[in-house]
Amino acid sequence: MGKIDIQINRIETSRLGDVDFENIQFGRVFSDHMFVADYENGKWGNFEILPFQDLNYNPAFNSLHYGQAVFEGMKAHLDAENNVVLFRPRDNFARLNRSCERLCMATIDPEIMLEGLSELVKIDKEWIPKTDDGALYIRPLMFATDQYIGVAPSETYKLVIFTCPVNKYYDAAVKVKVEDVYSRAAAGGIGFAKAAGNYAASLLPAKIANEEGYDQLIWTDAKEHKFIEESGTMNLMVIIDGKIITPPAGETILSGITRMSVLQIARDLGYSVEERQLSVDEIIEAQKAGLLEDMFGTGTAVTITHVSAFGRNGTNYTLPPLSERKVSKQLKSELEAIKRNQKEGYEQWIIVVR
Ligand SMILES: *Cc1c(COP(=O)(O)O)cnc(C)c1O
């Protein structure tokens, strides 16, 4: 028995037949259904699964003006018996609530979201691509729906969970630029929240980096631009002289679930892991001394994406070829196996939806 009554309205004719699963563009193809809920009069209700469709919006929605909008990103895979496997969904829902609290939005019982999501993925299971890297990308989001342009926390919100079939995100290693003008996050700000506005703020610096020939940015601390923080919307890790080093998640560094998982797997495999501040200078020194073995970003969409080179002030520093990145490749394949319930010892991280 669940906690909530979900009204289910199924699509008349599935759109599955229109999809070429070998060639899906990330984030542009949406599965048949979505889960929605409304917050009003101090509580959540109107739980519904319905065909993916436009929602009514009002130009005065305060999320459109003042940015009370947060989201999550997670993935479901198929296990060997063709069951849907969710990876650490409660961690994503807990983080959604932390984001909501920071943006002064309503929170929602994670178990309600889990119930809605489980029903949703059962209904749209056929949308999980059966390709090697195929997954169902899950996008929960919440936004303010008061029709009021006074500056105040909204009293009404909409929660939506929809899904996208996806294949691999990046095909190749990325070239990144150390950003030393713009900042993604500062102490006291909202960097730890998965807030829509954080992404808006990152678009211009990323565009400038693209024009300079880079794929992504490495964000540095807002105060001195001395210490690395994240890369684009991934957490960043380096391997120097056999040690996996990453800056601590906290106020300005979003606590990625992939990050947490990769660090745990690395520790379980016996690798030495350091969570500490790491300066750009230290990385450059290591590169010059031949001790910089690897640099990679972690995130749900990408799992692990290797950095081929990084640039600071126009000077580029190269990383070893991918064939030599054995540790990060091992971490990636372990994580992918865990997500498909193929690895013993990590059952607490997954939920098999039956
Ligand atoms: C979502 C996100 C990440 C990655 O988090 P995961 O839970 O691993 O997907 C990292 N940094 C930022 C800024 C993000 O928004």
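Student: Are Glu72 and Arg95 buried or exposed?
Tutor: This is a predicted model. Buried means under 20% relative accessible area. Both Glu72 and Arg95 fall in that class: buried.

Student: How far apart are the closest N and O atoms of Glu72 and Arg95?
Tutor: Side chains of opposite charge can pair when their charged atoms come close. Glu72 and Arg95 form a salt bridge. Their closest N and O atoms are apart by 2.7 Å.

Student: How many residues apart in sequence are the parts that Glu72 and Arg95 tie together?
Tutor: Glu72 sits in the loop between β4 and β5 (74-78). Arg95 belongs to helix α2 (residues 89-102). The pair therefore ties together parts whose separation in sequence is 23 residues.

Student: Which helix holds both Lys122 and Glu119?
Tutor: Lys122 forms a salt bridge with Glu119, with 3.3 Å between the closest N and O atoms. The two are three residues apart, so about one helical turn separates them. Their helix is α3 (residues 110-123).

Student: Which residue meets Arg312 in a salt bridge?
Tutor: The N to O distance in this bridge is 2.8 Å. Arg312 lies in strand β16 (residues 303-312), and its partner, 31 residues apart, lies in helix α6 (residues 280-288).

Student: How many salt bridges does the structure hold?
Tutor: Some are linked in a network, as with Lys177, Glu179 and Glu212. For the structure, the count is 20.

Student: What is the volume of the largest pocket?
Tutor: Rolling a probe the size of a water molecule over the atoms shows where empty space is left. For the largest pocket, the volume is about 840 Å³.

Student: Which residues lie closest to the centre of the largest pocket?
Tutor: The lining has 37 residues. By class, 21 are nonpolar, 11 polar and five charged. Elements that each supply at least two lining residues include β7 (135-144) and α4 (196-211). Closest to the centre are Phe71, Arg139, Lys194, Tyr199 and Thr233.

Student: Where does the largest pocket lie?
Tutor: Domain 1 (7-168) gives residues to the lining. Domain 2 (174-339) gives residues as well. The largest pocket therefore lies between domain 1 and domain 2.

Conventions. Residues are numbered from 1 along each chain as its sequence is written. This is a predicted model: local features need pLDDT of at least 70, side-chain atom pairs count only at pLDDT 80 or more; totals for chains, interfaces and linings use all residues. Side-chain values use heavy atoms; hydrogens and water are left out. On a 1 Å grid over the protein atoms alone, a cavity is a set of points where a 1.4 Å probe fits but cannot get out, and a pocket is an open set with protein on both sides within 12 Å along at least five of seven lines; lining residues have an atom within 4 Å of a point. Grid points are joined across faces, edges and corners, and a volume is the space filled by probe spheres set on the points. Helices (H or I, at least four residues) and strands (E, at least two) are DSSP runs, numbered from the N terminus. Ala, Val, Leu, Ile, Met, Phe, Trp, Tyr, Cys and Pro count as nonpolar, Asp, Glu, Lys and Arg as charged, and the others, Gly among them, as polar. Domain bounds come from an automatic or database domain assignment. A salt bridge is a side-chain nitrogen of Lys or Arg within 4 Å of a carboxyl oxygen of Asp or Glu. Buried means under 20% relative accessible area, exposed over 50%, partly exposed in between (1.4 Å probe, protein chains only).
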